[in-house]
Amino acid sequence: MNRQLELQKKIIEKFKSTAFGEKRLVFGEGAEASTLMMIGEAPGGDEEKQGRPFVGKAGKNLSSFLEVLGLKREEIYISNVVKLRPTKESPKTGKAVNRPPSGEEIAFFLPFLKEEIHIISPKVIVTLGNVPLKAVSGEKSITIGDVHGRAYPLMDGMALFPLYHPAAVIYNRDLSQTYQEDLQGLKKFLLER
Ligand code: URA
């Protein structure tokens, strides 16, 4: 069994005995030898339905993101910090809606994310937004507004390249130009690696 599958099996086992153990898990996907590993926050509704990260609307965003970088989805590895869809009940409709992942959820999945990173051993880790940035850097007080669009050395020769979460750009149009500049910066950095 390959190492990714072994890790998934381990997560499923531990997950069963947690308070959120009923939920569907959405694991990372991509080639084990990918140069670039992209890490989001947590799956949303489309991802939960399809059991795959960054599909539906987020997948469309990802496609335009990859187009700028001149990369194909199959050439990178895509994952999330939290492997379940964090939801709450909407007071208006009574239906499940997305919420940010809790500290407990992040703490549960963090050791597995570290193992996943070790297995993939990418040259560059791109984090999308604050949750993966804090998880990967290990720094609680770091914020994306201060560090986006630049590369930082990590352990084992890897580099961290933090970007805003694409959803933040949808909600805050002023970020759009910054985001495009950051993407160009990432493209340049990847060509140099
Ligand atoms: N879809 C994901 O898989 N992760 C995100 O962070 C957002 C959407």
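Predicted model: local features only at pLDDT ≥ 70, side-chain atom pairs only at ≥ 80, totals over all residues.

1. The protein has eight helices and seven strands. Its radius of gyration is 16 Å, close to the 16 Å that the globule rule gives for 193 residues, so the protein is as compact as a globular protein of that length. Taken along the principal axes, the box filled by the C-alpha atoms is roughly 45 × 45 × 30 Å.

2. Have a look at helix 1 (residues 3-16) beside helix 4 (residues 103-120): their axes are 10 Å apart and the packing angle is about 175°. Angles over 145 degrees count as roughly antiparallel, and helix 1 and helix 4 are therefore roughly antiparallel to each other. On the helix 1 side the contact is made by R3, Q4, L7 and I11, and helix 4 brings F112, E115, E116 and I119. Sorted by class, this contact of helix 1 with helix 4 has four nonpolar, one polar and three charged residues.

3. Next, turn to helix 3 (residues 56-69) and helix 8 (residues 175-192), whose axes come within 9 Å and cross at roughly 50°. That angle makes helix 3 oblique to helix 8. The crossing of helix 3 past helix 8 is right-handed. Helix 3 contributes F65, V68 and L69 to the contact, while L183, L186, K187 and L190 come from helix 8. In this contact of helix 3 with helix 8 there are six nonpolar residues, no polar ones and one charged residue.

How values were computed: Residues numbered from 1 in each chain as written. Axes fitted to C-alpha atoms, helices over the stretch in contact; angles between N-to-C directions. Helix = DSSP H or I, 4+ residues; strand = E, 2+ residues; numbered from the N terminus. Parallel < 35°, antiparallel > 145°, perpendicular 65-115°, else oblique. Left-handed = near helix turned anticlockwise from the far one by under 90°. Contact = placed C-beta atoms within 7 Å. Nonpolar A, V, L, I, M, F, W, Y, C, P; charged D, E, K, R; others polar. Rg over C-alpha atoms; globule rule 2.2 N^0.38 Å.
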